[in-house]
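Thanks for coming. I have one structure to go through today, so let me put it on the screen and start with a single residue.

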Amino acid sequence: MSEGVAAMPQDCETAVHGGHEDPERDAALAALAAGAPVDAFAWLGAHALPDGGCCLRVLFPGARAVSCSTGAGEWAALQPPPAFGVFEGRVGRGGVHLLRVDWGDHVEELEDAYGYGPLLDEALLGRLSAGDGEACREALGARPMRLGGVDGVRFAVWAPNARRLAVVGDFNGWDGCRHPMRLRHAAGVWEIFIPRVAAGALYKYEITGPDGARLPHKADPCARQCELPPSTASRVADAHPFTWHDQAWMAARGGWERKPLSIYEVHAGSWRRDAQGLSLDWDALGDQLVPHVQALGFTHIELLPVSEHPFGGSWGYQPLGIYAPTARHGDPAAFARFVDRCHGAGIGVIVDWVSAHFPTDVHGLQRFDGTALYEHEDPREGFHRDWHTLIYNYGRNEVSAFLVGSALEWIERFHIDGLRVDAVASMLYRDYSRPEGEWVPNEHGGRENLQAIAFLRRMNAEIRRRFPDVMLMAEESTAWPGVTAPAEHGGLGFTHKWNMGWMHDTLQHMGRDPVHRGWHHSEMTFGLVYAFAERFVLPLSHDEVVHGKGSLLRRMPGDEWQRFANLRAYLALMWAHPGAKLLFMGGEFGQLAEWNHDAQLDWEEARRPPNDGLARLVGDLNRMLRAQPALHAAEQDERSFDWSVADDSRNNVVAFLRHDPEGGAPSLLAVTNLTPTVHHGYAVGVPSAGAWRELLNTDSAHYGGLLQTVPRPMHGHAQSLLLTLPPLATLYLQAEA
């Protein structure tokens, strides 16, 4: 026995059991040593003896010896019963005891994890069971904390059908016998406080399912930080709050309804690579991406999903760690620094967020506790045929809380200015991408997913209540009514909807040979029939430059000059059209190659003419959008729009006026010629007489010049302008004040 260690009385078993054999005790200790289901807190820790003392029992498989501090630098040895690896001895009190564990090659001091009582408040657990997303954030995950004067980590996870659950990690040799957890039966939550575990520690959960089978180790669904893929462990995140410097931005970001919104969509892993061909970290993106976006004049960056995801080829759209930024670009503090940098530069940050489905990786959510917990048991409800992923069970309160909590986490923890919710259409319909007979109708016999609808309304209402200055955008590709109507008025409660119809029609039109465009003129005008039914975003997104579709430039017909002229005219028409703007990276300079997520954009190409000219045009369009209230102040107000030329299919010309309904700002006329023919003396009706200034001409490297109206009624207006329309070009004109 080492110096300073005294023998502890060995009569723990005798004191408890009166010297008789106890088969129940022996079976429990054998189960503990084997990692089998048993109530660990009923047997481990300090338990009262009839004579007023306590029996301290601890489990350290593989340890040579364990001693307990008796105070004043003295230690008393705990004795191991034969074969179990459980150490026990008599102590004078209950509570938390300091232990010294001799592992042979090193000695470890730590407090007994089984000396702590229940950790989570019953009211908090009740809120979680009722579907409260904030309760999920507060209760679940790995939270560094100080308990009874001891630093450590509280682990908590929802797994109501598991028979046993233990924390494994680099702090216990990934030994599932070391730290079995306490089950809070009413809520189905397992919890434990492990002393001396610190931020940065790796961990997973070892779970025994209801059938007694031990599952592959599971990552923490609510982990705030994850290991760098392809490794799959969760990591204890630093609990210290980030020091923000964006107070002015946060105070002023409201009122987005009348502010310009122009979004640069980015895949962080392939925007630019370093000299070794590796993706940039958040600090390097702050150094390079932020000035690029600032120079182009975009108001916001939208990031393809940066939640942790196992497969990089999913671009983040198959996430498993929806509470954690991916480790591919740094730790959570680095991501916060990036957002802070954006805000300091006057740029908002939107993140793509996925609540429609999750992948089937065995370390993730699928059959998390041995049952279909987060998903549906029936594959007709729970399996996505298109993506080979699983569908959340939105009708389960705890699943709803898990998803709402994730959305709140990004908004509150990382100061995100908007969430773009992916694949909303797939959530709304039970028969989405399913043939007849392979889907389950709702309780009314319909195809609507009533549970998903209720979830979206609940989530959006909660976010709008707590963060009214945050935008909520839906990628919704059907004619579902009221996507952006308030939930209390029967809508889904989003602030914006991606206008997939406009994108599809106009891109199809621009891809046609100009000779044939006149026969399909409505493709450019039909979007105005419903342009004010929702608050729309016009998306030229990543989805339009992959899977063989080609880049935006490659989709334009003709030779190089015509391709660039077509794209310039199209983008200028888009920027004048009602609706917020979104352009995927590379589109700003007309990259010819289709987007490749495994490589960076072609920055050499970006520096060459006419690519650099296109980028200058995009910058001018954004500056025009910011400077002209007529282009942004009333995107959902029909009074902000007037047709001048809608039906000239023969010349393939469209012209319209944009107004600020509140007045005080002059109207703007946009005219687009989508043929490669010059139109001389083309008359366009305008509402006021006098001089009109040419603000922008996509066919020219120089902007400016004046045009005078003539008193000739045209297109429902009292005056008209006689214009020379360049081929494949868009013009902006404005009445002189």
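Predicted model: local features only at pLDDT ≥ 70, side-chain atom pairs only at ≥ 80, totals over all residues.

Asp-642 is partly exposed, because its relative accessibility of 33% falls between the 20% and 50% cut-offs. Asp-642 sits in strand β28, which covers residues 641-648. Which residues does Asp-642 contact, leaving aside its neighbours within four places in sequence? They are Phe-656, Leu-657, His-659 and His-717.

Not counting residues up to four places away in sequence, Pro-687 touches Leu-657, Trp-692 and His-717. Pro-687 lies in the loop that runs between β31 (679-686) and β32 (691-697). Its relative accessible area is 40%, so Pro-687 also counts as partly exposed. For a sense of distance along the model, take Pro-687 and Val-197: they are 490 residues apart in sequence, and their C-alpha atoms are 72 Å apart.

That brings me to the overall picture. The C-alpha atoms fill a box of roughly 115 × 55 × 45 Å along the principal axes. The protein has 737 residues, and 58% of them are buried. There are 19 helices and 35 strands. Of the contacts with a separation of 6 or more, 71% are between residues 24 or more positions apart. The accessible surface comes to about 27900 Å², and carbon and sulfur atoms account for 52% of that. On charge, there are 64 positive and 92 negative side chains, and the centres of the two sets lie 3 Å apart.

How do the axes of α8 and α10 cross? Helix α8 (residues 332-344) and helix α10 (residues 397-414) have axes that come within 10 Å and cross at roughly 65°. So α8 is roughly perpendicular to α10. On the α8 side, the residues that meet α10 are Pro-332, Phe-335, Ala-336 and Val-339. On the α10 side, they are Trp-410, Arg-413 and Phe-414.

Now the backbone. Most residues other than glycine have a negative phi, and most peptide bonds are trans.

Pro-230 is in the loop between β14 (202-208) and β15 (234-235). Another cis bond joins Pro-609 and Pro-610, with omega about 5°. Pro-610 belongs to the loop between α18 (603-606) and α19 (611-627).

The other two places are tryptophans. Trp-174 has a phi near 55°, which is positive although the residue is not glycine. It is in the loop between β11 (164-169) and β12 (182-184). Trp-315 has a positive phi too, about 60°, and is likewise not a glycine. Its loop runs between β18 (307-308) and β19 (321-325).

Is each of these two tryptophans buried or partly exposed? Trp-174 has a relative accessible area of 34%, so it is partly exposed. Trp-315 is at 11%, so it is buried.

That is what I have. Questions are welcome.

Terms used:
Residues numbered from 1 in each chain as written. Heavy atoms only, no water. Helix = DSSP H or I, 4+ residues; strand = E, 2+ residues; numbered from the N terminus. Buried < 20%, exposed > 50% of the residue type's maximum accessible area, 1.4 Å probe, protein only. Contact = heavy atoms within 4.5 Å. Areas by Shrake-Rupley, 256 points an atom, 1.4 Å probe, with all protein chains shown as cover. Lys, Arg positive; Asp, Glu negative; His and termini not counted. Charge placed at Lys NZ, Arg CZ, Asp CG, Glu CD. Axes fitted to C-alpha atoms, helices over the stretch in contact; angles between N-to-C directions. Parallel < 35°, antiparallel > 145°, perpendicular 65-115°, else oblique.
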